[in-house]
Amino acid sequence: MTRVLLLGGTTEASRLAAAFARDGVEAVFSYAGRTAAPVAQPLPIRVGGFGGAEGLAAWLRAEGISHVVDATHPFAAQMSRNAVAACAATGTALIALERRPWAAAPGDDWTHVADIETAAAALPETPERVFLAIGRQHLAAFAAKPQHHYLLRLVDPPEGALPLPDAEAVISRGPFGYDDDLELLRSRRITRLVTKNAGGEGARAKLDAARTLGLPVIVVDRPALPPRASVETVAEVLAWLHAERGV
């Protein structure tokens, strides 16, 4: 019997969920639970953590999961590491649906850094207006540079005070278009962008807008992950699953 655990939270995961529902694939869609109102899915939904790699392995066994598709955000590194370990421990087939990283184009002014702390340290000492396109989990690192004005774009309103003395939060859910991001950067008089290299098309518009305006961009590179099979498209996941099922 084929039963799939789809580790989601991305646009690609939602597209895959729709394909599973269309094709009659028995699957469970898992959200980490970091968003107050996650996008509805045409599959049964599970919300919350598993309790590390051992907890995930126990859940896979208990639920009779035969295949796991990791379609989490490229920076959800711990979940991806847990998936590799749990699938190895249980003999469960695993594939990652992974966006291709962004690459600089002519006219881009990018500085690559290894992590969020290095991104904060790379900001200049003179005050600037910085668009922090990194989500809400790692804002505290930028408190070390309180001289800057920070623009945040969040899915949910922040709970309590932000850990930054001079910050504005725009509450909005993507994907975002080029014209919208160009207007955002212009209207907020942004002088620098900080972003994770999430890849894909749904969040790239801000980089294209930054290029148009000649803004420097600090790009946080993706974390290292254990070796695993990976593909870039929903069609490739479906082909893998069909091959696994002997269809």
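**Notes on the predicted model**

1. Leu97 stands opposite Val231 in strand S12. Strand S5 (residues 93-97) and S12 pair in the parallel sense over two bridges; strands count as paired if DSSP finds at least two bridges between them. Helices (H or I, at least four residues) and strands (E, at least two) are DSSP runs, numbered from the N terminus.

2. On the source: this is a predicted model, in which local features need pLDDT of at least 70 and side-chain atom pairs count only at pLDDT 80 or more, while totals for chains, interfaces and linings use all residues. Residues are numbered from 1 along each chain as its sequence is written, and side-chain values use heavy atoms, with hydrogens and water left out.

3. S5 and S12 belong to an open sheet of six strands, ordered S3-S2-S1-S4-S5-S12, with parallel pairing. Strand S3 (45-47) and strand S12 (230-231) are at the edges with a single partner strand each, so one side of each has no neighbour in the sheet.

4. Helix H1 (residues 11-23) lies across strand S1 (4-7), strand S2 (27-31), strand S4 (67-70) and S5, and runs at about 155° to S1. Axes here are lines fitted to C-alpha atoms, for helices over the stretch in contact, and angles run from 0 to 180 degrees between N-to-C directions.

5. The axes of helix H2 (residues 52-63) and helix H3 (residues 77-90) come within 8 Å and cross at roughly 50°. H2 is therefore oblique to H3; angles under 35 degrees count as roughly parallel, over 145 as roughly antiparallel, 65 to 115 as roughly perpendicular and the rest as oblique. The crossing of H2 and H3 is right-handed, meaning that the near helix is turned clockwise from the far one by less than a right angle. On the H2 side the contact (heavy atoms within 4.5 Å) is made by Gly52, Ala53, Leu56, Ala57, Leu60 and Arg61. On the H3 side the residues are Met79, Asn82, Ala83, Ala85, Ala86, Cys87, Ala89 and Thr90. The residues of this contact of H2 with H3 comprise 10 nonpolar, three polar and one charged. In this count Ala, Val, Leu, Ile, Met, Phe, Trp, Tyr, Cys and Pro are nonpolar, Asp, Glu, Lys and Arg are charged, and the others, Gly among them, are polar.

6. A further six strands form an open sheet, ordered S6-S11-S10-S7-S8-S9, again with parallel pairing. S6 and strand S9 (167-171) stand at its edges with a single partner strand each, so one side of each lacks a neighbour in the sheet. Neighbouring strands of this sheet are turned by 20° against each other on average, direction ignored.

7. Which residue is the bridge partner of Arg129 in S8? The partner is His149. S7 and S8 pair in the parallel sense over four bridges, and Leu132 stands opposite Leu152 in S8. Four bridges also join S7 to S10, with the strands running parallel; Phe131 has Leu193 as its bridge partner in S10. Four of the five residues of S7 are buried, buried being under 20% relative accessible area, exposed over 50% and partly exposed in between (1.4 Å probe, protein chains only).

8. Val113 is found in strand S6 and counts as buried, at 7% relative accessibility. Not counting residues up to four places away in sequence, Val113 touches Thr118, Ala119, Ala122, Ile218, Val219, Val220 and Asp221.

9. H5 and H6 pack at an angle of about 55°, with their axes 8 Å apart, which makes H5 oblique to H6. This crossing of H5 and H6 is right-handed. Tyr178, Asp181, Leu182, Leu185 and Arg186 of H5 make the contact with Ala205, Lys206, Asp208, Ala209, Ala210, Thr212 and Leu213 of H6. The residues of this contact of H5 with H6 divide into seven nonpolar, one polar and four charged.

10. The buried residues of helix H6 (residues 205-213) are Ala205, Lys206, Leu207, Ala209 and Ala210. Among the elements that cover them are strand S6 (110-113), helix H5 (178-187) and strand S11 (217-220). H6 is followed by Gly214, whose phi is positive, near 70°.

11. Arg189 is found in the loop between H5 and S10. Its phi is near 55°, a positive value in a residue other than glycine. Arg189 counts as exposed, at 56% relative accessibility.
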